[in-house]
Amino acid sequence: MVTIKEILSLERFSNFKVINHKADLERTVTNVDITETPDVKDYTTEHTILLTTAMTFKNDPDGLIKFIRDLNDVPVAALGIKLSRFIHEIDQSVIDYANNLGFPLIEIPNNWKLGQATHSIATYISQDETEKLYYALEVQQRMNSMLIKEFSVERMVNQLSQFLRLPIILINPFYKVDVMSNNFKNDQKLYKESIRYFNDVYLNNQEDFTNDFNTKTAVFKVPAFTYFPYYLIVSNLDKISYPFSHLAIEQAINTLSFAIYKDSKIRATEQEDVNLLFSSIINSTDGTPINLNSHPEFFERYHLIDSSYYQVMICGIDKTDEIENSEYVNERYQLTFEWLQNALVSLDPNISIFGFGDSNRFAILLQERHEYYQAYCRHLQKEYKKFFRESLSFGIGNEVSDFTQIHSSFVEAEETYDISHNLGDKEFLEVYRPRNFEELLQLISPDKVRPFVVNTLGDLAFPTNTKDKELKKTLQIYMDNQCDITKTSNEIFVHRNTVKYRINKCEEMLRVNVMDPVHSLNIRLALFISQHIQDA
């Protein structure tokens with residue numbers, strides 16, 4: 001809708017002056033008319049600009065005050081008075097009364113005829129929406145042309161800024177500036193004001209936020225991604241010129257959304273080539289046939305360098321109990337990848353990030369030593385939750401000194417991650433350490449080791465009667481004491497001959513010599529496993 005402010009901002013009406021400084025210029029205007037009679041209240045439509053010479057009120061300020069009160073009750077949008085013909089100056093009491101109501105009094109210049117002013121204002125009101133529509137279509141055509149010509153997003157933003165004659169900032173889903181138009185390079189004060197408005201006003205009231213073109217700054221969502229939108233900050237709206245409109249911005253945003261989405265998909269496709277190379281490295285167990293020194297420019301393209309330090313970290317998105325929408329999962333994967341890349345590469349440009357076939361995991365390759373990398377991982381875990389609904393976990397492999405050993409660090413990182421992940425842990429950060437036999441045993445299902453125990457120990461595997469339990473206990477202590485009869489008899493408080501008898505009985509039942517190295521190892525393992533299964 002057209003407002004008084006909008007009409008007065010037009011060049012053709014630039015010499016129309018507002019008489020009272022407290023006039024409400026946001027009043028809507030739908031019509032314009034002329035009158036020279038005081039009793040028009042019942043014959044005037046709402047939101048009309050009424051033009052007059054006010055000859056009826058010459059030397060009658062009280063009559064003009066009553067006239068203004070009647071018009072404000074309609075309500076009329078404003079009263080335009082052509083001074084110098086009958087009234088040369090508005091009495092201060094009239095101005096004060098209009099100020100109390102916020103009722104606009106506008107001075108019509110002497111060189112304008114009232115009929116001419118009426119025609120010009122009426123023409124503008126009737127053509128307003130059409131002109132705005134044409135303007136919006138022109139914006140769309142310009143933006144589409146740039147898209148077809150494959151302009152970068154940065155160039156599109158700057159072109160849009162020039163066309164609208166407004167400073168613009170593009171904010172990514174992580175509330176960081178992606179692009180700012182050239183206007184801000186020479187106006188840091190405006191830049192800081194715009195960012196402050198986004199952080200303090202928009203983000204704190206995002207759910208209920210509505211844009212008002214009467215403010216200096218506005219923020220629009222750019223839905224390049226459904227769940228993780230970009231944002232467009234438009235500044236200096238108090239200086240906009242006709243026929244700028246919300247529709248023009250919407251058309252620009254639609255095209256800009258497509259351009260951002262397209263660029264993101266191109267980056268994702270390019271990253272797939274990098275991911276395939278990394279997969280070939282981690283899946284090679286023969287020292288990798290890839291020679292880093294043969295084509296250094298090739299590997300530089302894939303963010304790999306010749307170093308004496310490599311370390312792999314597996315970063316995973318923790319599972320939730322919610323049913324995950326496939327579109328959300330895909331967007332989250334792409335945006336998480338970009339978020340990690342921005343965060344880590346700014347720390348060290350030689351850190352590389354790869355996907356390896358899982359929509360919830362990423363491999364991070366350190367190619368230089370970082371003393372506080374674990375603390376930074378904790379920082380990433382904290383920051384991630386500001387933009388995503390889930391949390392991150394890390395499994396970290398040991399450092400290696402040669403490119404051909406990256407596979408080893410990756411296996412360690414993945415194993416470390418899987419152990420905590422399979423236990424249902426979340427937001428963990430675990431570093432690989434060698435496993436003892438008991439920990440390794442936890443990785444194997446009891447059903448898979450039970451046959452070994454039974455085949456090795458026979459009736460002593462899981463004894464049910466007291467005699468066999470006693471024999472198994474004696475055998476266990478005998479093996480723990482390195483087959484020393486004296487130590488065994490002292491520990492279980494029986495005679496040496498009793499120990500000898502029981503061990504001989506065990507050998508008869510097992511049909512092996514428990515002193516034989518191979519059989520001894522199998523018996524020790526079987527005894528340990530049987531106890532582990534029984535206690536589980």
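How many bridges join β12 to β15? There are 5, and the two strands run antiparallel. This is a predicted model, where local features need pLDDT of at least 70, side-chain atom pairs count only at pLDDT 80 or more, and totals for chains, interfaces and linings use all residues. Residues are numbered from 1 along each chain as its sequence is written, and side-chain values use heavy atoms, with hydrogens and water left out.

The open sheet has 5 strands, ordered β13-β14-β12-β15-β16, with mixed pairing. Strands here are DSSP E runs of at least two residues, helices are H or I runs of at least four, both numbered from the N terminus; pairing takes at least two DSSP bridges. β13 (352-354) and β16 (429-431) sit at the edges with a single partner strand each, so one side of each has no neighbour in the sheet.

Here are some of the antiparallel pairs:

| Pair | Bridges | Residues opposite each other |
|---|---|---|
| β12 and β14 | 6 bridges | Ile-314 and Ala-363 |
| β12 and β15 | 5 bridges | Met-313 and Ile-396 |

Then come the helices. α9 (residues 326-347) lies across β12, β13, β14 and β15, at about 15 degrees to β14. α11 (residues 406-422) lies across β12, β14, β15 and β16, at about 30 degrees to β12. Angles run from 0 to 180 degrees between N-to-C directions of axes fitted to C-alpha atoms, for helices over the stretch in contact, meaning heavy atoms within 4.5 Å.
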